[in-house]
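Biologist: Please show me the model, and then let us go through how its chains meet.

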There are 2 protein chains.
Amino acid sequence: MTVAAESEIAATIEGMARRARAAALSSARLDAAARRRALEAMADAIDTHREQILAANALDLSTAERNRVSGPMLDRLRLDERAVKKLAAAVREVAGQDDHLGTIEEELVRPNGLRVGRMRIPLGVVAMIYESRPNVTADAAALCLKAGNAVILRGGSEAQHSNRAIADALREGLTGSQVPQDAVQLVPTTDRKAIDVLLEQEQFIDLVIPRGGESLIRAVTAKSRIPVLQHYKGVCHVFLDEDAPVQRSIDIVVNSKVQRPGVCNALETLLVHRDAAARVLPPVADKLVQAGVELRGSPDVVALLGGVPVKMATEEDWYAEYLDLTLAVRIVDDLEAALDHIARYGSNHTEAIVTDDTERAERFVSAVQSSTVLVNASTRFADGGELGLGAEIGISTSKLHAYGPMGARELTTRKFVVFGEGQVRK
Amino acid sequence: MTVAAESEIAATIEGMARRARAAALSSARLDAAARRRALEAMADAIDTHREQILAANALDLSTAERNRVSGPMLDRLRLDERAVKKLAAAVREVAGQDDHLGTIEEELVRPNGLRVGRMRIPLGVVAMIYESRPNVTADAAALCLKAGNAVILRGGSEAQHSNRAIADALREGLTGSQVPQDAVQLVPTTDRKAIDVLLEQEQFIDLVIPRGGESLIRAVTAKSRIPVLQHYKGVCHVFLDEDAPVQRSIDIVVNSKVQRPGVCNALETLLVHRDAAARVLPPVADKLVQAGVELRGSPDVVALLGGVPVKMATEEDWYAEYLDLTLAVRIVDDLEAALDHIARYGSNHTEAIVTDDTERAERFVSAVQSSTVLVNASTRFADGGELGLGAEIGISTSKLHAYGPMGARELTTRKFVVFGEGQVRK
């Protein structure tokens, strides 16, 4: 690339960041009703531009097919009429959520009479850097604007026409609203230089959210001068405790693994209490194999599951995020050994225990430091919608700011507000 | 430095980070009473080691004097018997604060019967990188341990003997407690290479808090792979509104500027409503000048304050954090112009309005995006202790995770906890 082209990209990105900051400042001053109306207009605009969005998507799909992109990736890229309707519906749902901005929380009165509270305000400008799924364009914009922020979107090159069509629709929707159009901007180039420049705009951008593979997230984190919300990977565990009932174990393990194996809250390693193994593991393994799951077990698992095909697991299997119909299985001596395995190999995403023992359930819930810990429920519930946040913008596995699924409220912060009658400090 | 020395430093720091992670994991499993007892033992150990701490401090002071360190810096470095007693008292006060760990907040029941809540847990390992004040060693350790974390302390070279003596006392205090000694570790070298290595330990360290000058904070932010809580500077404003009463204006402006000019919540720019200027500014300026404050005013301020010495302000004055008895003064057309000035030149730290008009007070509180916004009170109240957080570990002016003064609770995060009876995702 020529120096001229580089400086042109830098100027474009800086201009976008500056306009986003200005848009965020005016959005922050609007009331909840104005923000809701703007989101509804965005949803309507997706509906009225359905044909353009589908045409753009067809263009992306044919390029991807020419480039022999893999089947699962094509699936994530593909939009049909129903999918575009769902896009609009998701934006409408976010529009209808509670609005948290401006509320004062944790009010107290100090001994000197000062009234102190914490008022929820937008973060400001959020940059989303994401890979192939075009629905992120609409979801992220809706959540960011709901929380009074502006968003800069940088999608993957595979979905560039789809993203552009969706972003154009969203911006057109904003025309008649009080939210400035520049509250939603899509980076107009897929040149990677644009990301580098984006990550230097700490003066204008408050938060970067990368969504995609681990290498993308690591690269963004290493380069960014702006705080980054990270979600590296989901090596999720289910632990079948000593007393785990067979049918419940089957239901939870099969659902966690099979219902949608390609996503981050799918099960990757099954841990079984030694005293439950002979009773519980064979029927669970049967159902898994029937569902097409390939098992990789510790030596005692292989020995126990005589009739069922199971490969020998290696050390790497305990770290693996398969995102596929493969499952690592290990027998552990007890609850404490399960906790040690999770602390060592886990990714701070999601872990579940199947047990009827309240004390051991509580021990598991307290001791596991992952962002979502479940008792007697599928790991697939680790999701903003399922946990009651409405839509989610991502799942944080780093502990700063937010941990676990993040909704609109996680895109806000709180400032201290203090009301006095002339108090000075002694 | 030789390569051997470099790799030795790297090995030392990595070992510390690894031990801190292990210490954090065991601390997280303790109950509130065990943590409180450990903090009380730390406070007692400061008392019993008072002589050693004072002797170490005398050594640092004599080195600083030999190096012709400036007066204010010597003051920040100096400990006397009373100061060491206050150190212990501060640790004891943190010990007595409410403990937030393990409490489940925001419980709700989903339509499918899942009970969802958010449990407060420690962040894990916190690295503090700070400059000359040795009291940070004890304060930071107390707050981090109160919140169930481990801390790695890296103080400035000027205070190295004081920091070592305090850290040794704290660790000795932990000997008889359930909190591992390695929950408090002081980096044993003042070599800057140690900071570089520290900032690469994202596997073991969850948060970095730099406290010191802007250049330190910028350098840490640029290099760190670990999330950083930033506090760049405090360019704090007071706005005297149209109807600001004279005596209250004097009280708040003088206290904000003069009570402790060297700290971040001291007033740096005074804004005055044009219609109030002739009435309010001369008496306020008189008192400021009597208190030894040098004024730098916009041309209309200079014209108005005929009898009082006031220099002409330049554009740089509006950005300045003087940390000294200097004050920039500007007349603005109205409240909106004051908001624009703050948005342009402010640092997201602390701003105050003096007014009796409820509507304009609310407008100011809503529109100013700074981390602390006050009505009719001194900017000096922007402080964790004054706002009811107990002690503070720093003041964040970046909006992620925490914004404004941070206490022990801001050193925690929340995980999702979910209780089911076998629910799977449809």
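Modeller: This is a predicted model. Let us begin with the contact between the chains.

Biologist: How many residues of chain B are in contact with chain A?

Modeller: Two residues count as in contact if their C-beta atoms lie within 7 Å. On the side of chain A, 60 residues take part, and the number for chain B is 59.

Biologist: Which element of chain B gives the largest share of the side that touches chain A?

Modeller: Several elements of chain B give two or more residues to this side, among them helix 1 (3–28), strand 13 (372–377) and strand 16 (412–423). By class, the side has 27 nonpolar, 20 polar and twelve charged residues. The largest share is eleven residues, and it comes from strand 16 of chain B.

Biologist: Which strand of chain B is joined to strand 16 of chain A?

Modeller: The two strands run parallel, and five bridges join them. At one position, Gln423(A) stands opposite Ala377(B). The strand of chain B is strand 13.

Biologist: What rotation superposes chain B on chain A?

Modeller: The shift along the axis is 0.0 Å and the RMSD is 0.0 Å, with a rotation of 180°. The two copies are thus related as by a two-fold rotation axis. The same surface serves both copies, as 100% of the contact residues of chain B recur in chain A. The rotation asked for is 180°.

Biologist: Which residue of chain B comes closest to the rotation axis?

Modeller: The distance is taken at the C-alpha atom, and for the closest residue of chain B it is 1.7 Å. That residue is His401(B).

Technical notes. Residues numbered from 1 in each chain as written. Chains lettered and ligands numbered in written order. Predicted model: local features only at pLDDT ≥ 70, side-chain atom pairs only at ≥ 80, totals over all residues. Least-squares fit on C-alpha atoms with pLDDT ≥ 70 in both. Helix = DSSP H or I, 4+ residues; strand = E, 2+ residues; numbered from the N terminus. Nonpolar A, V, L, I, M, F, W, Y, C, P; charged D, E, K, R; others polar. Pairing = 2+ DSSP bridges.
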